[in-house]
Amino acid sequence: MAQSAEKRNDSSASVQDLEVQIEALKDDIAQIARTLGDLSEAKKNDMRDTVQRRASELRERGEATVAGVQDRGAELGEQAADAVRRHPAAAMGIAVGLGFLVGLMTGRR
């Protein structure tokens with residue numbers, strides 16, 4: 001009988017040890033979950049910052065391109081106006097010719 005009482009004590013001690021280990025494991029898993037959440041939040045913030053920075057760079061490049069195109073368009077407009085002032089008869093002939101061609105292309109449809 002002394003052996004069975006000793007076995008019960010050993011058995012209950014090992015069950016208690018197991019419960020303590022399980023509780024520690026639960027705490028460790030909860031800590032891992034918090035750490036993973038923090039890491040994913042940090043990664044999300046890093047990605048958002050990267051996307052915002054790239055969008056800003058692209059917007060600046062687009063604005064610079066638009067400004068360049070506008071400047072070039074203004075230059076071409078000034079050159080065309082100068083050409084018309086210097087050669088009004090040629091400009092009138094070109095305009096009539098282009099009008100004729102556009103009329104032919106749209107009239108046959």
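Arg54 is partly exposed, with a relative accessible area of 42%. Partly exposed is the class between buried (under 20% relative accessible area) and exposed (over 50%), computed with a 1.4 Å probe on protein chains only. The model is predicted, so local features need pLDDT of at least 70 and side-chain atom pairs count only at pLDDT 80 or more, while totals for chains, interfaces and linings use all residues. Residues are numbered from 1 along each chain as its sequence is written, and side-chain values use heavy atoms, without hydrogens and water.

Arg54 has a charged partner. Its side chain meets that of Glu57 in a salt bridge, at 3.1 Å from N to O. A salt bridge here is a side-chain nitrogen of Lys or Arg within 4 Å of a carboxyl oxygen of Asp or Glu. Both residues sit in helix α1, three residues apart, about one turn of the helix. Glu57 is partly exposed as well, at 34% relative accessibility.

Now take the whole chain. It holds two helices and zero strands. These elements are DSSP runs numbered from the N terminus: helices are H or I with at least four residues, strands are E with at least two. Helix α1 covers residues 2-86, and helix α2 covers residues 88-107. How many of the 109 residues count as buried, as a percentage? The figure is 0%. The chain exposes about 9,700 Å², and carbon and sulfur atoms supply 61% of that area. Accessible areas come from the Shrake-Rupley method with a 1.4 Å probe; for residues, only the protein chains shown count as cover.

Back to the charges. The whole structure contains five salt bridges. One of them joins Glu41 to Lys44, with the closest N and O atoms 3.3 Å apart. The two lie three residues apart in helix α1, so about one helical turn separates them. Glu41 is partly exposed at 38% relative accessible area. Lys44 is partly exposed too, at 46%.

Further along, Arg85 and Asp82 form another salt bridge, 2.7 Å from N to O. They are also in helix α1 and three residues apart, so the separation is about one helical turn. Arg85 is exposed, with a relative accessible area of 61%. Asp82 is partly exposed at 34%.

Which residues form a negative surface patch? They are Glu19, Glu23, Asp27 and Asp28. Patch residues have over 30% relative accessible area and no salt bridge; like charges are joined within 9 Å, and nonpolar side chains (Val, Leu, Ile, Met, Phe, Trp, Tyr) within 5 Å. Asp and Glu count as negative, Lys and Arg as positive, and His and the chain ends are not counted. Each charge is placed at NZ of Lys, CZ of Arg, CG of Asp or CD of Glu. Asp27 belongs to helix α1. Asp27 is partly exposed, with 47% relative accessibility.

Ile94 lies in helix α2. Ile94 is exposed, at 55% relative accessible area.
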